[in-house]
Amino acid sequence: MSYLTAPLTIARLHRTCRAWLAGLSLASALVVAGGVTAQAQTQPRPAVEAAPQAVPGFWDPRRRPDRPDMSRLTVIRFLTETDYPPFNFTGADGNPAGLNVDLARALCDEIKISCTIQMRRFETLVDAITSNRGDAIIASMAVTPALRARLDFTDPYYRAPARFVSRREAVMSEVRPEYLEGKKVGVIGGTSHEAYLKAMFTDAEIKSYPNDDALRLALRRSEVDFIFGDAISLAFWINGTDSSECCAFSGGPFVESRYFGEGIGIAVRKGNDLLRTSLNWALFRLWEKGRFTDLWLRYFSISPF
């Protein structure tokens, strides 16, 4: 069972996240919190820095959800993962910490209800929720058809997008298939990212690599012009010490669900529509008030979006 919608091993992402946590303070950055669509242009501009990264927001202000009757809710027992920083980890005081944990607390505050947050191994979460040992899973769980057969999910509150990375001197503010004609693009073989490149960027010269380390080293050595992969992992690498400040995102995110999944949602037991709709209402309210943006920027000084 994977955390993210794009193929990414847990060990690799844990290693990247820990390096990021060691090298960065979790401070907010000034980021434009608009949509994720890049501005159109007629020609690529390799020497121009990309536009500021956007904060994810999948809520349509024209589709404001009605406030459900939450009088029957008395407590929400959240379950989360034990070791997936910066989304879930054990804080210095021994208590649950991370973006998902802070989001759960913000949701409880918005609903005005008591909540508990228990950390468990990821592989035990689904059984725990179906056996009534918890009410909601908030653990960066990717929504998949297999999981939908066992659980219900809220609307997605973030996705694991794909993005291009180039050397800093060759950043493009927008990436289109015609812009990469004849360019060398590195990608990890056998992933959905490789499949997407082969389907959409047919005029690029695609080079496959066995793992993240080999892929990123190829870009640092200028053996490829771009690399393409999971934007969350790449954001940590770009802003960490391993990259030696060599590289930056080029263009905006790619979130086609056929390749990169439906997104990350909060899971509840099948048929628990009251809790699901209550969480959806609270998620919208947090986004509308800007609290979700503030929370995201606390953990991502370089946004994957």
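**Figure 1. Phenylalanine 89 in strand β2.** Phenylalanine 89 sits in strand β2, residues 89–90; strands (E, at least two residues) and helices (H or I, at least four) are DSSP runs, numbered from the N terminus. The model shown is predicted: local features need pLDDT of at least 70, side-chain atom pairs count only at pLDDT 80 or more, and totals for chains, interfaces and linings use all residues. Residues are numbered from 1 along each chain as its sequence is written, and side-chain values use heavy atoms, with hydrogens and water left out. Is phenylalanine 89 buried or exposed? Phenylalanine 89 has a relative accessible area of 17% and is therefore buried (buried is under 20%, exposed over 50%, partly exposed in between, with a 1.4 Å probe and protein chains only). Not counting residues up to four places away in sequence, phenylalanine 89 touches Thr82, Asn95, Pro96, Ala97, Gly98 and Met119; contact means heavy atoms within 4.5 Å. From phenylalanine 89 to asparagine 100 there are eleven residues in sequence and 9.6 Å in space, C-alpha to C-alpha.

**Figure 2. The largest nonpolar core.** This core has 40 residues, of which Phe78, Leu103, Leu107, Tyr157, Ile266 and Leu279 touch the most other members. A nonpolar core is a set of buried Ala, Val, Leu, Ile, Met, Phe, Trp, Tyr and Cys residues joined through side-chain atoms within 4.5 Å. Elements giving two or more residues to the core include β1 (75–81), α2 (99–111), β12 (264–269) and α9 (273–289). Helix α9 supplies the largest share, eight residues. In general, nonpolar side chains tend to be buried together in soluble globular proteins.

Figure 3. Which residues is leucine 279 in contact with, leaving aside neighbours within four places in sequence? They are Ile76, Phe78, Leu107, Ile111, Ala136, Thr154, Ile266 and Val268.

**Figure 4. Strands β7 and β11.** Strand β7 (residues 162–167) pairs with β11 in the antiparallel sense over five bridges; two strands pair if DSSP finds at least two bridges between them. Strand β11 covers residues 247–254, and seven of its eight residues are buried.

**Figure 5. The protein as a whole.** The secondary structure comes to ten helices and twelve strands. Of the 305 residues in the protein, 51% are buried.
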